[in-house]
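Subject: Handing over the structure

Hello,

Here is the structure for you to look over. My notes on its cores, disulfides and rings follow below.

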Amino acid sequence: MSLRVAALLLASASLFAASPSAAAPENRCGWIQNPTPGNNWLDDRDGTWIITTQGMDDEPLGMENFPDISAGDYVAVNGNYGYTCGCVKAETEKNTDPALSVKGKITAIYGVKLLPLKTCLADRNLPKPE
């Protein structure tokens, strides 16, 4: 397991332990990543938003709206796992713990639009996918 995945799992546990109230739905666009089974997150211009982590007790409402990201323009980096570019219409909870490296978590998913990889590659505000 990569160091980043381990850090995200730890951050996720801390976020789910003490969650502030969720905000109104917003559209967040960037790299949708699924590096290993059960781990999904979105890296946008603001940071990393946890969608699911392996062993998580609860997943975002509307997870049935989350598509198979490998169905579109997709990069496999770990067998069947990898990343794509897309937008997620979701409710989020921001991280309030400065010790955590994540921006927050996605608590509800209303829709996902997969985009061509070139869209995210052209966005200089996005970090490089891992």
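A contact here means heavy atoms within 4.5 Å. On that basis, and leaving out residues up to four places away in sequence, I69 touches I32, N34, Y74, G82, Y83, T84 and L114.

Some ground rules. This is a predicted model, in which local features need pLDDT of at least 70, side-chain atom pairs count only at pLDDT 80 or more, and totals for chains, interfaces and linings use all residues. Residues are numbered from 1 along each chain as its sequence is written, and side-chain values use heavy atoms, with hydrogens and water left out.

Cores

I69 also belongs to the largest nonpolar core. A nonpolar core is a set of buried Ala, Val, Leu, Ile, Met, Phe, Trp, Tyr and Cys residues joined through side-chain atoms within 4.5 Å. Buried means under 20% relative accessible area, exposed over 50%, partly exposed in between (1.4 Å probe, protein chains only). This core has twelve residues: I32, L42, W49, I51, M63, F66, I69, Y74, V88, A90, I106 and I109. Two or more of them come from each of β3 (47-52), β5 (81-94) and β6 (104-115). Helices (H or I, at least four residues) and strands (E, at least two) are DSSP runs, numbered from the N terminus. Another core lies apart from this one, with eight residues, among them W31, Y83, C85 and L117.

Disulfides

A search of the whole structure gives two disulfides, each a pair of cysteine sulfur atoms within 2.5 Å.

- C29 and C87: the sulfur atoms are 1.9 Å apart. The link is right-handed, with 110 degrees about the S-S bond. It joins distant parts of the chain, C29 in strand β1 (residues 26-36) and C87 in strand β5, 58 residues apart. C29 is partly exposed at 32%, whereas C87 is buried at 11%.
- C85 and C120: the sulfur atoms are 2.0 Å apart. This link is right-handed too, with 80 degrees about the S-S bond. C85 sits in strand β5 and C120 in helix α2 (residues 117-121), so the pair ties together parts 35 residues apart in sequence. Both cysteines, C85 and C120, are buried.

With the bonded cysteines numbered in sequence order, the pairing is 1-3, 2-4.

Aromatic rings

The whole-structure search finds one aromatic pair. Rings of Phe, Tyr and Trp (its six-membered ring) pair if their centres lie within 6.5 Å; planes under 30 degrees apart count as stacked, over 60 as edge-to-face and the rest as tilted. The ring centres of W31 and Y83 are 5.3 Å apart and the planes stand at 90 degrees, so the pair is edge-to-face. W31 is in strand β1 and Y83 in strand β5, 52 residues apart. Both W31 and Y83 are buried.

Best wishes
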